[in-house]
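Visitor: I'd like to learn how to read a structure like this one. Could you take me through it feature by feature?

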Amino acid sequence: MASLQLSSQWISGKTTFASRNSPRTAVPRRVAMRPIRAGSYTDELVQTAAQKSIASPGHGILAVDESNATCGKRLASIGLENTEQNRQAYRQLLLTTSGLGAYISGAILYEETLYQSTTDGKKFVDCLHHEKIMPGIKVDKGLVPLPGSNNESWCQGLDGLASRCAEYYKQGARFAKWRTVVSIPSGPSALAVKEAAWGLARYAAIAQDNGLVPIVEPEILLDGDHPIERTLEVAEKVWAEVFFYLAENNVVFEGILLKPSMVTPGAEHKEKASPETIAKYTLKMLNRRVPPAVPGIMFLSGGQSEAEATLNLNAMNLAPNPWHVSFSYARALQNSVLKTWQGQPENIKAAQKALLARAKANSLAQLGRYSADGENEEAKKGMFQKGYTY
């Protein structure tokens with residue numbers, strides 16, 4: 001009965017601090033602080049993420065992790081059928097580009113690509129190693145409706161993740177990516193934000209435990225007509241939750257990378273923001289929410305045009321930052337490549353030249369040295385798609 005009464009006092013809030021710590025009721029106990037750890041891979045994780053590897057000056061990430069269905073949409077845009085052979089041909093074009101390692105330090109692959117080889121039998125993983133590019137792997141299983149929310153989504157894929165990460169590590173992957181999304185027009189609801197943050201934290205802990213540096217990506221979608229101030233408000237809330245749960249799950253901050261959205265107005269907002277404004281608001285959010293222990297901030301492009309994504313990144317690097325502020329682009333690196341290639345073998349060299357040009361432009365932007373002089377009109381075309389999935 002005594003213990004029952006004590007718990008009722010706690011619930012009602014009537015127990016005082018003094019009575020809780022009095023000699024009569026105190027229970028001697030040893031308090032031990034649990035270390036932040038990532039198993040036996042901690043040193044390797046830190047080295048993979050650090051300035052001498054992925055987060056090295058003038059380098060960023062090429063995202064080639066589109067699902068087969070989304071890759072099919074890209075191929076369809078140039079009149080190609082969605083077959084494994086065509087997907088292999090396109091990814092071979094990208095991953096065998098000579099000199100790409102001068103600007104790209106990591107490449108995120110889809111599972112199919114991680115296990116694929118070139119048409120002459122060389123593993124894609126080995127092609128990347130030849131260019132000193134770190135292979136990475138998309139590990140989430142995509143978005144599904146979140147029950148009880150405001151028509152929002154959650155990201156699935158935690159079941160079996162540990163064994164999958166272990167297998168990916170054996171195949172040569174050294175970092176991973178998990179993308180979830182937050183929608184501003186949908187609220188976002190507290191449930192959706194908490195689910196996104198918790199899922200990312202559990203994934204990050206599991207990835208680190210199996211030797212993979214986790215890229216943490218809660219994408220705040222561009223959908224909506226809200227001003228940039230609203231995006232900042234939501235981004236600060238999301239990243240506060242994310243880092244709370246990363247800490248709760250004992251994730252080593254020095255062994256992660258972030259893939260945030262830039263803080264921009266909604267895509268349908270009446271006023272477009274300049275690169276200087278986007279840089280100001282984005283860096284404000286990062287300085288308020290991201291510990292300096294995190295080595296790299298690898299931005300997603302989120303439907304911006306190739307030129308916009310590069311200009312905005314450059315504006316953020318005009319002054320020193322506590323982190324390596326760089327890029328992890330998919331469409332903003334590949335759009336010109338696809339349109340140059342057109343599925344024709346004779347266009348491969350020209351398409352690879354287009355990839356090198358975009359990679360070099362973003363490398364210069366990471367160093368704060370990019371100039372938009374000479375950008376063609378194709379690079380300035382926006383790629384925003386409402387409700388984009390991949």
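Visitor: What does the accessible surface of the protein chain come to, and what share belongs to carbon and sulfur atoms?

Guide: Some ground rules before that: this is a predicted model, where local features need pLDDT of at least 70 and side-chain atom pairs count only at pLDDT 80 or more, while totals for chains, interfaces and linings use all residues. Residues are numbered from 1 along each chain as its sequence is written, and side-chain values use heavy atoms, with hydrogens and water left out. Accessible areas come from the Shrake-Rupley method with a 1.4 Å probe, and for residues only the protein chains shown count as cover. Here the accessible surface of the protein chain is about 18,100 Å², and carbon and sulfur atoms hold 53% of that.

Visitor: How many helices and strands does the protein chain have?

Guide: Both are DSSP runs numbered from the N terminus: helices are H or I with at least four residues, strands are E with at least two. This protein chain has 14 helices and 10 strands.

Visitor: Is Glu241 buried or exposed?

Guide: Buried means under 20% relative accessible area, exposed over 50%, and partly exposed in between (1.4 Å probe, protein chains only). Glu241 sits in helix H10 (residues 228–248), and because its relative accessibility is 16%, Glu241 counts as buried. Contact means heavy atoms within 4.5 Å; leaving aside neighbours within four places in sequence, Glu241 touches Val193, Lys194 and Ala197. Asp209, by contrast, is partly exposed at 48%. Asp209 belongs to helix H9 (residues 190–209), and its C-alpha is 7.0 Å from that of Tyr41, though 168 residues separate the pair in sequence. Across the protein chain, buried residues make up 55% of the 390.

Visitor: At what angle do the axes of H11 and H12 cross?

Guide: Axes are lines fitted to C-alpha atoms, for helices over the stretch in contact, with angles from 0 to 180 degrees between N-to-C directions. Helix H11 (residues 275–289) and helix H12 (residues 306–316) have axes that come within 8 Å and cross at roughly 55 degrees. Angles under 35 degrees are roughly parallel, over 145 roughly antiparallel, 65 to 115 roughly perpendicular, and the rest oblique, so H11 and H12 are oblique to each other. On the H11 side, the residues that meet H12 include Ile278 and Leu283, and their partners in H12 include Leu311 and Met316.

Visitor: How many disulfides are there?

Guide: A disulfide is a pair of cysteine sulfur atoms within 2.5 Å, and by that rule the count is zero. Cys71 is buried at 2%, and Cys155 is buried at 7%.
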